[in-house]
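Dear colleague,

I am handing over the structure we spoke about, with its sequence, and below it you will find an account of what turned up when I went through it. Please keep the structure open beside the text as you read.

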Amino acid sequence: MVVASVAAAVLLAGGGGAYFAATASGGGSGGGGGGGGKETGAPAGDGSNPPPLALDGYTESPGEGIATGEPDPNGPAYRATGKLPEGPDSAAVYRAQGEISASEVTRLAKALGVEGTPKVSAGAWKLGQEKDGSGPSLQVTKQAPGTWTFSRYTPGASDNCESATKCAGTAPGGEGDAVSEQVAKKAAAPVLKALGQDDAKLDARQLMGAVRVVNADPKVGGLPTYGWSTGIQVGADGQVVGGSGQLKKPVKGDTYPLISAQETLDLLNRSATGGGRVGIGGCASAVPLEGQDAKDVPCDSTASPAVPQTVAVRGATFGLAVHFVEGRQTLVPSWLFEARPKGAEDSFTIMHPAVDPEYLKAPQPLSPEPAEPSPRPSTPDGGDESGSTTRGVHVESYSADGRSLTLHFWGGVCSDYSASASESADQVTVTVTETPQEPGKVCIMIAKELKETVTLEQPLGDRKVVDATGGETVPRK
């Protein structure tokens with residue numbers, strides 16, 4: 001059972017700084033609206049300037065910006081067909097913090113019809129499957145944002161599936177007729193209410209065989225969100241048969257000055273076509289077949305690049321979009337532009353942060369020594385003159401077995417990771433370092449859960465584990 005469902009195809013490039021989503025013609029987030037009137041108030045709660053926002057994939061070099069993530073590697077030029085909205089003067093970022101409680105899990109489980117008591121295993125709350133292990137199951141990661149997945153019928157189910165006919169319409173390839181959009185939204189309503197997302201924008205057009213998927217984009221701080229979706233699958237019998245999303249509600253962080261939609265579009269065009277453009281090289285090699293070396297794959301580096309096209313931007317919406325800030329998912333004030341190439345039937349959405357560039361910075365490389373002023377100049381790729389591009393990664397949790405300490409974290413597919421630890425009488429400070437395999441090259445942002453193990457001089461005992469990157473205590477799995 002596929003439990004993670006989204007209505008749009010999402011591409012993240014250049015470290016997660018940009019967002020591309022294909023939307024149905026006439027849908028999406030266009031229309032020239034959004035943003036509303038001007039928002040009053042100082043950038044930070046106490047009237048002082050907020051700290052710089054370290055967006056992954058961002059570079060501070062002149063002419064460079066956040067990778068646009070558009071599908072055309074030659075960087076089309078985006079041109080507004082009308083006046084774009086000004087938007088608010090300032091807005092806050094939002095982050096999910098803390099841990100998920102048993103009561104929060106129980107509330108969601110009740111809405112999904114999952115019985116049992118939540119129990120922690122391997123860093124996640126789990127319940128269900130208490131009979132033969134094949135019935136309804138719910139899993140929620142203990143650490144915020146509390147990513148949850150639900151499945152009513154596991155393959156080979158026998159607890160709640162009396163016959164093949166009853167369960168025929170519960171899997172993506174099942175038989176039967178899918179319910180209507182209205183029925184699917186009604187079935188999803190109790191779950192969304194339990195999540196505190198009953199005001200979410202709903203899209204129930206997606207079908208997976210006889211299963212209809214309700215995709216919900218909740219509001220946070222009164223603003224629409226993008227990339228923080230909840231997907232709820234409804235079977236042919238009208239029951240919720242699967243789903244996924246985030247359980248912990250994001251909390252308000254620092255407030256940042258913003259720029260208008262037109263200024264943001266100008267930045268997007270500069271990052272796409274300027275000297276610092278993050279693109280796909282002039283010769284993209286295919287993935288080698290089994291038994292074939294990469295060097296044997298043909299690549300024509302003499303081919304002429306396609307002529308960049310001008311793409312019409314029909315409107316812009318202001319909202320909060322997911323970006324990675326120092327390795328953590330963060331909802332950042334952003335503009336989303338509805339664009340449609342000439343002759344295309346479908347529109348697509350291009351996103352760029354709306355935060356004033358003066359308040360953005362590139363993530364700093366990790367140093368094994370305390371941070372101090374360095375006379376060495378920085379290079380455009382975010383490293384120093386030695387070419388180093390390593391950085392610290394947030395450690396989500398740990399497990400211990402004797403002198404072995406295993407660190408769990410999220411990482412990408414185009415980097416190598418290493419871990420180290422320094423010990424004292426009352427704590428162990430751990431560091432996970434990320435090193436890009438090919439610095440400066442585009443890598444699709446596919447996050448996966450990773451782990452690294454370090455050997456301590458003494459068993460951990462009752463000492464606490466501290467993440468050197470953020471200075472926070474790391475929870476035990």
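A residue is called buried here if its relative accessible area is under 20%, exposed if it is over 50%, and partly exposed in between, with a 1.4 Å probe and protein chains only. By that rule His 323 is buried, because its relative accessible area is 1%. His 323 belongs to strand β17, which covers residues 310-325; strands (E, at least two residues) and helices (H or I, at least four) are DSSP runs, numbered from the N terminus. The side chain of His 323 also makes a polar contact, at 3.5 Å, with the side chain of Ser 334. A polar contact is a pair of N or O atoms within 3.5 Å, where within protein one must be able to donate a hydrogen and the other to accept it, and where residues adjacent in sequence count only if both atoms are side-chain atoms.

Before the rest, a word on the source. This is a predicted model, in which local features need pLDDT of at least 70 and side-chain atom pairs count only at pLDDT 80 or more, while totals for chains, interfaces and linings use all residues. Residues are numbered from 1 along each chain as its sequence is written, and side-chain values use heavy atoms, with hydrogens and water left out.

The chain as a whole

The protein chain holds 4 helices and 27 strands, and buried residues account for 44% of its 477 residues. The chain exposes about 23200 Å², of which carbon and sulfur atoms supply 50%; these areas come from the Shrake-Rupley method with a 1.4 Å probe, and for residues only the protein chains shown count as cover. Among contacts (heavy atoms within 4.5 Å) between residues at least 6 apart in sequence, 68% join residues at least 24 apart.

The sheet of three strands

An open sheet is formed by 3 strands in the order β22-β23-β26, with antiparallel pairing; two strands count as paired if DSSP finds at least two bridges between them. Its edge strands are β22 (395-401) and β26 (448-455), each of which pairs on one side only, and the twist from one strand to the next averages 25 degrees. Such angles run from 0 to 180 degrees between N-to-C directions, with axes being lines fitted to C-alpha atoms, for helices over the stretch in contact.

Strand β23 (residues 404-411) is joined to β26 by 8 bridges, and β22 pairs with β23 over 6 bridges. Thr 406 of β23 is the bridge partner of Ser 399, and Thr 406 also has a bridge partner in β26, namely Thr 453. Gly 411 is partnered in β26 by Lys 448. In the hairpin of β22 and β23, where 2 residues lie between the strands, Gly 402 takes a positive phi near 65 degrees. Because 6 of the 8 residues of β23 are buried, this strand is largely enclosed by the rest of the structure.

The sheet of eight strands

A further open sheet has 8 strands in the order β6-β7-β8-β9-β15-β14-β11-β10, and its pairing is antiparallel. The edge strands, each pairing on one side only, are β6 (119-121) and β10 (201-208), and the twist averages 20 degrees from one strand to the next. β6 pairs with β7 (residues 124-128) over 3 bridges, and Lys 119 stands opposite Lys 126 in β7. Helix α1 (residues 102-112) packs on this sheet, where it touches β7, β8, β9 and β15 (240-246), and its direction makes about 150 degrees with that of β8.

The peptide bond from Ala 144 to Pro 145 is cis, with omega near 15 degrees, and Pro 145 is placed in the loop between β8 (137-141) and β9 (147-151).

Around Gln 427

Gln 427 is found in strand β25 (residues 427-436), and its side chain makes a polar contact with that of Thr 429 at 3.1 Å. If residues up to four places away in sequence are not counted, Gln 427 touches Ser 422, Arg 463, Lys 464 and Val 466. The C-alpha atoms of Gln 427 and Gly 461, which are 34 residues apart along the chain, are separated by 9.7 Å.

With best regards
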